[in-house]
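The sequence and structure come first.

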Amino acid sequence: MALFLTVLAVCLLIIGGMVAILMTTRTPRYRTEPEHLIALFDQALDSRVNEHEWNAVVGYPIRHDEYLEGVRRRAQRLMDDHGRHGRVARGKPLLDDEGHAELTVLRDHLAARTALRHRRSEGRE
């Protein structure tokens, strides 16, 4: 009987500890910043990005910035309209020529807006 109570107490202690740990920890969040998208777009334009990396960044919703969410959605639409599954695996660029041109415009616009925001924030400090 003593062995049963000891095993029960140890099991309850372990389970209680795990429940306490799970209740106090939060789910990690990935926060996409403009620099992440610019770097991803640069890699895509240089044909150095794979589809998994593209889908991981572009497929994750951005809730903290409406403008970045719009850029993300536009990039996702570019992939839907001008990209083909498996292009990178066959040694081709991620997007066709028209998609490449549109991604260049999108990247330049995002870079210009980001530079302007950095200049404004440096001016306030």
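## Helix α2 against α4

The crossing of α2 and α4 is left-handed; a crossing has this hand if the near helix is turned anticlockwise from the far one by less than a right angle, and is right-handed if clockwise. The model is predicted: local features need pLDDT of at least 70 and side-chain atom pairs count only at pLDDT 80 or more, while totals for chains, interfaces and linings use all residues. Residues are numbered from 1 along each chain as its sequence is written, and side-chain values use heavy atoms, with hydrogens and water left out. Helices (H or I, at least four residues) and strands (E, at least two) are DSSP runs numbered from the N terminus.

Helix α2 covers residues 34-45, and its axis lies 11 Å from that of α4, at an angle of about 20°. Axes here are lines fitted to C-alpha atoms, for helices over the stretch in contact, and angles run from 0 to 180 degrees between N-to-C directions. The two helices α2 and α4 are therefore roughly parallel (angles under 35 degrees count as roughly parallel, over 145 as roughly antiparallel, 65 to 115 as roughly perpendicular and the rest as oblique). On the α2 side P34, L37 and F41 take part, and they meet L68, V71 and A75 of α4. Contact means heavy atoms within 4.5 Å.

## Helix α4

Helix α4 runs over residues 66-82, 17 residues in total, and spans 24 Å from first to last C-alpha, close to the 24 Å expected at 1.5 Å a residue. The expected span is 1.5 Å times one less than the number of residues.

The buried residues of α4 are L68, E69, V71, R72, A75, L78, M79 and H82. Buried means under 20% relative accessible area, exposed over 50%, and partly exposed in between (1.4 Å probe, protein chains only). An α-helix has 3.6 residues a turn, so residues three or four places apart point the same way.

M79 has a relative accessible area of 11%. Beyond its neighbours within four places in sequence, M79 is in contact with E51, W54, L94 and L95. D80, also in α4, is exposed, at 57% relative accessibility. Its C-alpha is separated by 16 Å from that of V49, 31 residues apart along the chain.

## Helix α3 and its two partners

The axes of α3 and α4 cross at roughly 145° and come within 10 Å. This crossing of α3 and α4 is left-handed. E51, W54, V57 and V58 of α3 make the contact with R72, A75, Q76 and M79 of α4.

For α2 and α3, the axes come within 11 Å and cross at roughly 155°. That makes α2 and α3 roughly antiparallel. Here too the crossing is left-handed. The α2 residues L37, L40, F41, Q43 and A44 meet E53, W54, V57 and V58 in α3.

## Residues around α2

T32 sits in the loop between α1 (2-24) and α2. What does T32 contact, leaving aside neighbours within four places in sequence? The residues are L37, I62, H64 and L68. T32 is buried, with a relative accessible area of 2%.

L45, in helix α2, is buried at 17% relative accessible area. Not counting residues up to four places away in sequence, L45 touches H100, L103, T104 and R107. Between L45 and L94, 49 residues apart in sequence, the C-alpha to C-alpha distance is 8.2 Å.

S47 belongs to the loop between α2 and α3 (51-58). Its phi is near 60°, a positive value in a residue other than glycine. Most residues other than glycine have a negative phi. S47 is partly exposed, with a relative accessible area of 46%.
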